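Please look through the structure shown below before reading on.

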Amino acid sequence: MTELLKIQGLKTQFFTSAGTVKAVDGVTYDVEEGETVAVVGESGCGKSVTALSIMRLVAEPAGRVVDGNILFQGNDLLQLSEEEMRKIRGNNIAMVFQEPMTSLNPVLSIGLQLTETVQMHLGVDDAAARARAVELLGLVGMSDAERRLDQYPHHLSGGMRQRVMIAIALSCEPKLIIADEPTTALDVTIQAQILELMKNLTRDLGVAMIIITHNLGVVARYADRVNVMYAGKIIESGTAEDIYHNPKHPYTLALLKSVPRLDQPRGAKLDPVEGQPPDLARLDEGCSFRPRCRYATDACAASFPPTELIDGIHYSACFHKDKLDSPMKEAS
Amino acid sequence: MTAADVTSVSEIDELRSQKTFIEKSADMFRKQPLGAVGFFVVLAMIIMAIFANYLAPYDPTLNDFAAMLIAPGADYWLGTDQFGRDIMSRLIYGARTALFVGFAASFVGATCGLVLGVMSAYFGGTFDLIFQRIMDVFMSFPLIIMALAIVSIFGPSTQNVIIAITIPFIPRCARVVRSNALAIREIPYVDAARALGFGHARIILRHMAPNVMAPFLIMLTSFVGQAILTEASLSYLGLGVQEPTPAWGLMLQGGAEEYIESEPWIAIFPGVAISLAVFGFNLFGDSVRDVLDPRLRTQ
C-alpha cells in the first residue's frame, strides 16, 4: 500500500482575545490508500480542526495553520493556491459532516446538489451528471432514485440525508473521505447502517477514510488504525486491537472504561473520565492530561512525555505507560 | 425509513400535485384572505398598466377646453381637471408610470442589496466592517431626502427618478439580508459547499442567496409600495416624472391644490390610487413570503 496523506507536525492555532488557542499542537499521522483511520477524542480536543486544516477550511483570520506539512499524494496542501485547493476539495478529498439535517441546502433539490459537484469537477453534461446521480443514489442504497432527485432535503429522514451526503462525497471518486462524526446525530440502528455502508463502499471503491469520532465502539469495528487525541496532541496511536486490548495511555484506558460494555453486569455504573478537558489557551509544558490522571507524578509536570514506540505501529506518549492496568482486569 | 413509509409519502406527493391550479389558488386565498385582496389590487394595477390603451376612455394628455373641471358623471366617470383631461384615463395611464418606476427601482435596488448583503455576511471580517459603515452613511439619510439629492444632481426625468429611488434601497435591503445571511453562514451546508470545492461566487449566489429569499421578497414587495410613494412625492415636488406624462404624483400637483375646495375629485382620486397601490403591494408582499418560503410551507 502506498501513502496517500501524510500529516507532519501540524499546528493550528486560533488567535482570540482570551489568548492563543492551540487547537492542534503538533499532530503527525498518515493514511495509506484504501485505509480507514480513526481519530478519537473528547469534544474540543482538536479532532475536527485537524480535519478542517486538511481541507484548508479553518475559519480565517482567527484561525491559522502556523506550522507543519500536509502531504497529499506528495504535494503539500498548505502550499497550494486557493484556486488549486478548490480543485482538490470535493474532487480528491471529500468530507462528510456531522449534521445530516443541516449539511444539505434546504432550498436546493437533491438532484441539483448531487449533479452540481459532478458537473463542476468532472465537467460532464446535464444528462451524464443526472445518470451519475442516479447511480450514486443506488450505490448508497436509496430506492426510487429517479424520484429522489426532484425531492428536497425536508422530504428525507436523517439517515437518508446522510446517505445523500455520502453519495455527494463519493460523486467525483475521491481518494480520501474525511467523515467528521458522521453518525453522531443519528439514532443507534441508523448509525450502524450508515457505518456499515461507509465501510463497504470505501472497501469496494478503494477509498481511504479518516473517521473522526468520540465513539470507541465505532473505532473497534471499522478502523484499521486509531489515533487518540487529547488537547491538540495525539497521545496514543496503534491498531484498533492495540488500543482496545493493550492501551498504554491513562486517557485511552479511562475512555475505554467510560463506555458501557455487554460483558459487564447489568446496572454496573459507568466510570466517567473525571474532570474537564483543559483550556487550550492555557497549556503548560507538562502533560496536558496530568490534572485528570491517577498516575500523575512530578515528572509529568516538568515536560510533555515523548511519543515512544511500544511494538509494531503502537505508540504512546506517557511516562507511566508500563504501570497501567489492563482494561480486562479492571472489568472483571 | 421503511419501504411502506416511502411509498405513502410519494403517493401523497402525487395526490398533492393532482390538485388543479384553481383548487390550489382557492386554498391559498382561504389561508391568506388579506394577501388575496392585495393580490387583486396588484393584478388590477398590472392590467390597467398593460391595457391602458384599451381601457382608458380618453387620451390622457388631450386638453379639452370644452370640458374643464367637470364633476364625476356619466361622460367622465372620475371628472376632469382644469385642462379638461379625463382623470380616469390619466389614472389608468399613471399606473404604467407607477408600476414601471416601482418595479424597476425596487427590483434593481433589492437585488443589488441581496448580493451585497450576502457577500458582506459571507466574507465577514474587515470587508463586512467597512462595507457596513458605508451602508450606515447611506442609511442615515431619509429615503425621500436621499432621492431628492440624487434627482437634483442628475436632473428630473423618469430614468433618474428610478436611479434616485434605487440607491437608497440598496443599503436597506443589504442590511436586512446580511443579518439573515449571517445566520445562514453558520449552518453547515455553507461549509459543506466549500468542502466540495465551490467558488465564492457560486456559494453566495446559488447556495446562500436562495436561503434569504424570504426577507428579500418581503423587502422587494414593500419596496414596490415605497417606490410608488416616493415617485409620487418626487413628482409632486416637481423633481420626478415630468408633464405631460401621466403620473399620480403629478396629478396632485398644480391644479389639484388650487381647486381642492371647489373641485376635490382632482386630488382625491389620484390620492386614493396611490394609497391603494401601496396598501395592495404591502399586503401582497406579506403573503408572498408565507407562500414561497419552503420552511414555512405547510407539509
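## Basis of the report

This is a predicted model, in which local features need pLDDT of at least 70 and side-chain atom pairs count only at pLDDT 80 or more, while totals for chains, interfaces and linings use all residues. Residues are numbered from 1 along each chain as its sequence is written, and chains are lettered from A and ligands numbered from 1 in the order in which they are written.

## The eight-stranded sheet of chain A

Chain A holds an open sheet of eight strands with mixed pairing, in the order S6-S7-S8-S3-S9-S10-S12-S11. Strands here are DSSP runs of type E with at least two residues, helices are runs of type H or I with at least four, and both are numbered from the N terminus; two strands count as paired if DSSP finds at least two bridges between them. At the edges of this sheet stand strand S6 (93-96) and strand S11 (308-311) of chain A, each of which pairs on one side only. Neighbouring strands of the sheet are turned against each other by 20 degrees on average, direction ignored; such angles come from axes fitted as lines to C-alpha atoms, for helices over the stretch in contact, and otherwise run from 0 to 180 degrees between N-to-C directions.

Strand S9 (residues 225-230) of chain A is largely enclosed by the rest of the structure, because six of its six residues are buried. A residue is called buried if 20 or more other C-beta atoms, placed from the backbone, lie within 10 Å of its own, exposed if 12 or fewer do, and partly exposed in between. In a regular strand the side chains alternate between the two faces of the sheet. In S9(A) both faces are covered, with Arg225(A), Asn227(A) and Met229(A) buried on one side and Val226(A), Val228(A) and Tyr230(A) buried on the other.

Although Ala38(A) and Arg225(A) are 187 residues apart along the chain, their C-alpha atoms are separated by 6.2 Å. Leaving aside residues up to four places away in sequence, Ala38(A) touches Ile211(A), Thr213(A), Val219(A), Ala223(A), Val226(A) and Asn227(A), where contact requires C-beta atoms, placed from the backbone, within 7 Å.

## The four-stranded sheet of chain A

An open sheet of four strands in chain A has the order S2-S1-S4-S5, with antiparallel pairing. Strand S2 (19-32) and strand S5 (75-76) of chain A stand at its edges with a single partner strand each, so one side of each is left without a neighbour in the sheet. Between strand S1 (residues 3-16) and strand S4 (residues 63-72) of chain A there are eight bridges in the antiparallel sense, and Thr12(A) has Val65(A) in S4(A) as its bridge partner. Helix H1 (residues 47-55) of chain A lies across S1, S2 and S4 of chain A, and runs at about 70 degrees to S2(A).

## The core and the contact between chains

The largest nonpolar core has 166 residues, and those with the most contacts inside it are Leu176(A), Ile210(A), Val118(B) and Met208(B). Such a core is a set of buried Ala, Val, Leu, Ile, Met, Phe, Trp, Tyr and Cys residues joined through C-beta atoms within 7 Å. Its largest share, 16 residues, comes from helix H5 (residues 87-123) of chain B.

The contact between the chains takes 29 residues from chain A and 22 residues from chain B. On the side of chain B that touches chain A, H9(B) gives the most, with six residues.

H6(B) is hardly covered, with one buried residue among its 15 residues. In helix H14 (residues 265-292) of chain B lies Asp286(B), which is partly exposed, with 18 other C-beta atoms within 10 Å.

Notes
Two residues are in contact if their C-beta atoms, placed from the backbone, lie within 7 Å.
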